[in-house]
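I opened my notebook to look up a few things in this structure. Come along and follow my entries.

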Amino acid sequence: MADEDALSREYEQVTQMLDALDTAIAERDTAKARATATARAVGRQLERLGYLARIVGIPFDRELARRLYWDYPDLLVSEIAHPMGAHVSSVAREMGNGAVERPCGGACGRIITWQVSSRTDARKQARLCPECSAELEARRAQRFAEWQVERVRGSEDDRQMLREALERGGEPRRYAEFPGVPGTWAVDENGVPLVLID
Ligand SMILES: [Zn+2]
């Protein structure tokens, strides 16, 4: 029972944290919409540049084309194909494989590079550098160990306090539905604290 109560408190905690996540997602969606609008503006500018490059007779800058293709997944392939004077279906072949450089998804701020063979791969979520990845795993293991220790210690303390209270002839306070309030315990129908029942 005590464990079930603790579990429902964990559920409550998740629900509250989801509210915060909703806010963060809404902010990200707004920023994403702004990035998309800016990408379309770049696309229109590339179109103008493409027309002029054709009139002047100078091929579109290949280095820039590669950068647009691999570093800016928000740009449409058609927007890159136009100034190149290439067909959309041939752009991928011309670009070959790419190296994607992004800040590590952890907190180290290192720029990490990985090889990608498609723009879909390049668009994937930020990656962690090997150090941050190892650190995250270690932190998870540490937090789990701490949580387990805390949980065992918490219930041991409860048992000890209740035993002492009963030995002194006192009556343990009855259970109250105040998550996290010390000194309240779930009791059975006889008023015996559940934590003392093996
Ligand atoms: Zn890192």
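**Entry 1: the overall layout**

I read along the sequence and found the pattern α-α-α-α-β-β-α-α. That gives six helices and two strands; here helices (H or I, at least four residues) and strands (E, at least two) are DSSP runs, numbered from the N terminus. I noted that this is a predicted model, where local features need pLDDT of at least 70, side-chain atom pairs count only at pLDDT 80 or more, and totals for chains, interfaces and linings use all residues. Residues are numbered from 1 along each chain as its sequence is written, and side-chain values use heavy atoms, with hydrogens and water left out.

I then looked up how much is buried: 23% of the 198 residues. Buried means under 20% relative accessible area, exposed over 50%, and partly exposed in between (1.4 Å probe, protein chains only). The accessible surface comes to about 14,400 Å², and 55% of that surface belongs to carbon and sulfur atoms.

**Entry 2: the zinc ion**

Which residues coordinate the zinc ion? I found Cys104 (SG), Cys108 (SG), Cys129 (SG) and Cys132 (SG), at 2.3 to 2.4 Å. Donors are N, O and S atoms within 2.8 Å of the metal (3.2 Å for Na, K and Ca); water is not among the atoms, so sites may look incomplete.

Along the sequence, the donor residues are spaced C-x3-C-x20-C-x2-C. Cysteine 108 sits in the loop between β1 (98-103) and β2 (111-116), and cysteine 129 in the loop between α5 (119-123) and α6 (130-167), so this pair ties together parts that are 21 residues apart in sequence.

Why is the arrangement called tetrahedral? The four donor atoms subtend angles of 105 to 115 degrees around the zinc ion, which makes it so. Four donors count as tetrahedral if all angles lie between 85 and 135 degrees.

**Entry 3: salt bridges**

How many salt bridges does the structure hold? I noted five. A salt bridge is a side-chain nitrogen of Lys or Arg within 4 Å of a carboxyl oxygen of Asp or Glu.

One of them joins arginine 40 and glutamate 79, with the closest N and O atoms 2.7 Å apart. Arginine 40 belongs to helix α1 (residues 2-56) and glutamate 79 to helix α3 (residues 77-84), so the pair ties together parts that are 39 residues apart in sequence. I found glutamate 79 buried, at 11%, and arginine 40 partly exposed, at 25%.

Another links arginine 110 with glutamate 131, at 3.9 Å between the closest N and O atoms. Arginine 110 is in the loop between β1 and β2 and glutamate 131 in helix α6, so parts that are 21 residues apart in sequence are tied together.

I also looked up arginine 140 and glutamate 137, whose side chains meet at 3.1 Å, N to O. Both lie in helix α6, three residues apart, about one turn of the helix.

**Entry 4: a nonpolar patch**

My last stop was a nonpolar surface patch of about 310 Å², made by Val14, Leu18, Leu21 and Ile25. Patches are made of residues with over 30% relative accessible area and no salt bridge; like charges are joined within 9 Å, nonpolar side chains (Val, Leu, Ile, Met, Phe, Trp, Tyr) within 5 Å. Leucine 18 has its place in helix α1 and is partly exposed, at 43% relative accessibility.

How values were computed: Four donors count as tetrahedral if all angles lie between 85 and 135 degrees; four count as square planar and six as octahedral if opposite donors are over 155 degrees apart and all others between 65 and 115; anything else is irregular. Accessible areas come from the Shrake-Rupley method with a 1.4 Å probe; for residues, only the protein chains shown count as cover.
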